[in-house]
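Student: Could you show me how to read the ring contacts in a protein model?
Tutor: Gladly, let's look together.

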Amino acid sequence: MAEMGSKGVTAGKIASNVQKKLTRAQEKVLQKLGKADETKDEQFEQCVQNFNKQLTEGTRLQKDLRTYLASVKAMHEASKKLSECLQEVYEPEWPGRDEANKIAENNDLLWMDYHQKLVDQALLTMDTYLGQFPDIKSRIAKRGRKLVDYDSARHHYESLQTAKKKDEAKIAKAEEELIKAQKVFEEMNVDLQEELPSLWNSRVGFYVNTFQSIAGLEENFHKEMSKLNQSLNDVLVSLEKQHGSNTFTVKAQPSDSAPEKGNKSPSPPPDGSPAATPEIRVNHEPEPASGASPGATIPKSPSQLRKGPPVPPPPKHTPSKEMKQEQILSLFDDAFVPEISVTTPSQPAEASEVVGGAQEPGETAASEAASSSLPAVVVETFPATVNGAVEGSSGTGRLDLPPGFMFKVQAQHDYTATDTDELQLKAGDVVLVIPFQNPEEQDEGWLMGVKESDWNQHKELEKCRGVFPENFTERVQ
């Protein structure tokens, strides 16, 4: 007991507190059961509702303001990293390096100043505003307990007065306790009745000041940041002027949703030089007419966003080595048209040479003996002539072709254009292949050209040319 007394807590005080709690609990039970009336103050209850709403709004505003400050801090760090990256890539000999470094320093200082002012003028004010709510909330709770004590004392006094056997001493003591409880309650009630409406009305001015401060700080920040960005832009414009010829061109990237194309790699276009002796390879089986074979598969149409070369068409049939001699000799009939593929000059053919479609005298027997084991006949010819001029040379035979013409191809399948820069092809269309104006723009598996019919009719390259998938065509010249 001595120890309890040294701390200001006595057994009598503890017993008194316990008794108060029991009395309050009993009073609340009687009020809920309707056996005891409860003192009501609707005006005060409305003030309490406003207080709780104001506390909820203020707590949310404080939370959102802290989130905003965290975002400003994150943006500061991101901006600082970006400026550091620019400083690292900026070569020492480039103009404006010192100015760029100074702009980066000012950028960092501006972010720090903005964050600190938000803390001082918004967050600290917010914390001060919310700091008054816990005390008032505890006083409201205490006022509620004192109201229960007052109701309990009032009911006790009334019960003694209505008792059949009255005890004046007990009635006097109960009256004294009632007056004391009423005084304590009314003192707290009056103070809160004045503070709660005043606090509720103060929210308007607080919200105005808080958001005005945030808006003003943000406006000034963006003004200063705009000046820094303009200065940085001027430095970069100066750098661009000095190194204007090395400006990087940003190209549109293909969409990941576009279907994959085939893996066919386009062959480099021939140089068109007439000095090269073409090599003529003759297949032992004629080609089917432009995809008319029942087993032929039409290649897939490429996507509008070209990611790679189109899907290649089915491979051609390759002849068997066990070809009969009669089949080889039948290839030299006048009705047979060999397939021609122009390559680099090859070694002289060791098989029989054919000039103008006839074998040289004295070599027929050797030709017949070798034909049974050769899979193909390699013929060495001279460049063809058109109207007295060598085809492929700079003579008059090429004056009607578009500038830069390289070779001709023929469409083997229909192709529906999916973009404005593509050619619409029908099976059998002949296309004059020309080089790209910018070789870097050529996608793998695509060629630039103009349909021969359009060129003969309009002679306007700009309106008629377009790109098309190489695997929908076959080279004919």
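**Rings and their partners**

Tutor: R143 lies over the face of F44, 3.6 Å from the ring centre. A charge counts as over a ring if NZ of Lys or CZ of Arg is within 6 Å of the ring centre and within 35 degrees of the ring normal. R475 likewise lies over the face of F407, at 4.1 Å from the ring centre.

Student: What kind of model is this?

Tutor: This is a predicted model, where local features need pLDDT of at least 70, side-chain atom pairs count only at pLDDT 80 or more, and totals for chains, interfaces and linings use all residues. Residues are numbered from 1 along each chain as its sequence is written, and side-chain values use heavy atoms, leaving out hydrogens and water.

Student: How many aromatic pairs does the structure hold?

Tutor: Rings of Phe, Tyr and Trp (its six-membered ring) pair if their centres lie within 6.5 Å; planes under 30 degrees apart are stacked, over 60 edge-to-face, and the rest tilted. The structure holds 10 aromatic pairs. One of them, F51 with F133, is tilted, at 5.4 Å centre to centre and 35 degrees between the planes.

Student: Which residues do ring pairs link into a cluster?

Tutor: The cluster is made of F51, Y129, F133, F206 and Y207.

Student: Are F51 and F133 buried or exposed?

Tutor: Buried means under 20% relative accessible area, exposed over 50%, and partly exposed in between (1.4 Å probe, protein chains only). Both F51 and F133 are buried. Y415 and W446 form an edge-to-face pair, 6.3 Å centre to centre with 70 degrees between the planes. Y415 is buried, with a relative accessible area of 1%, and W446 is buried, also with 1%.
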